[in-house]
Amino acid sequence: MKKFILFIFMIVFLTGCDKKNDILAQEIKAQVSKDVGYLSNLEVLYGVDFTNKSKNWKNWIGLDDFYVRIDDASVFYGYPIDKIKIHVSSNMNGDRVLNVSLPAPERISFDRQISNLKTRNKSYEPVDENGDILDVEKEMTKRLDKILDSYEPKMLEFSAKVTEEYFEMLATNYGMKLELQFEKK
């Protein structure tokens with residue numbers, strides 16, 4: 001009979017803990033939604049330039065033609081908010097644990113625009129060493145892709161670290177331990 005009463009007490013106790021944990025999880029989700037600007041967005045600005053110069057034999061002063069273009073690319077890294085999974089549980093010691101599961105950080109948005117364009121002659125078309133006309137947009141895209149290949153893995157890693165620090169702070173503020181996991185792609 002004592003075991004049965006103890007069993008009933010444990011069920012009632014655990015049910016009460018689960019409800020408190022669910023309420024706490026909802027409160028934390030609301031806080032994460034308010035803080036989403038800090039959490040899911042790491043903005044990185046990249047600059048790409050293209051310069052081309054050639055002799056202008058038509059110009060009697062002898063000034064070379066030139067073409068200089070600078071593009072700015074703004075990239076946001078982070079997580080779609082709807083993919084963040086948050087759960088509060090209790091461990092064997094009775095401590096509350098904030099369980100967070102996130103997808104791997106990713107590129108959320110990308111915006112590129114020309115920030116500066118200078119040329120001596122508006123009709124000047126950049127040419128390569130063979131005199132063939134260059135596709136400036138294609139050249140800029142190649143250069144930007146090379147930069148992204150080099151820096152993007154570091155930015156994704158940094159985004160994950162910032163997110164981990166955010167959730168550590170959040171767990172500490174609520175008096176909990178943190179269990180954070182990033183899902184594999």
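**Entry 1: strands E3 and E4**

I began with strand E3 (residues 85-90), which pairs with E4 in the antiparallel sense over six bridges. Two strands count as paired if DSSP finds at least two bridges between them. Helices (H or I, at least four residues) and strands (E, at least two) are DSSP runs, numbered from the N terminus.

I noted that this is a predicted model, in which local features need pLDDT of at least 70 and side-chain atom pairs count only at pLDDT 80 or more, while totals for chains, interfaces and linings use all residues. Residues are numbered from 1 along each chain as its sequence is written, and side-chain values use heavy atoms, with hydrogens and water left out.

E3 and E4 form a hairpin with five residues between them. In the turn I found Gly94, with a positive phi of about 85°.

**Entry 2: the other partner of E4**

I then followed E4 to strand E6 (residues 177-182); the two run parallel and are joined by six bridges. Here Leu98 stands opposite Leu178 in E6.

I checked the cover of E4 (residues 96-102) as well, and five of its seven residues are buried. Buried means under 20% relative accessible area, exposed over 50%, and partly exposed in between (1.4 Å probe, protein chains only).

**Entry 3: Asp71**

I moved to Asp71, which is found in strand E2 (residues 65-78). Is Asp71 buried or exposed? I read a relative accessible area of 1%, so Asp71 is buried.

I looked for polar contacts of its side chain. The Asp71 side chain has one of 2.9 Å to the side chain of Arg69 and one of 3.0 Å to the side chain of Arg112. A polar contact is a pair of N or O atoms within 3.5 Å; within protein, one must be able to donate a hydrogen and the other to accept it, and residues adjacent in sequence count only if both atoms are side-chain atoms.

Leaving out residues up to four places away in sequence, I listed what Asp71 touches: Tyr46, Gly47, Val48, Arg112, Gln113, Ile114, Ser115 and Met140. Contact means heavy atoms within 4.5 Å.

**Entry 4: the chain as a whole**

I counted three helices and six strands in the protein chain. Along the sequence they follow the pattern α-α-β-β-β-β-β-α-β. Of the 185 residues, 30% are buried.

Among contacts with a separation of 6 or more, I found that 77% come from residues 24 or more positions apart.
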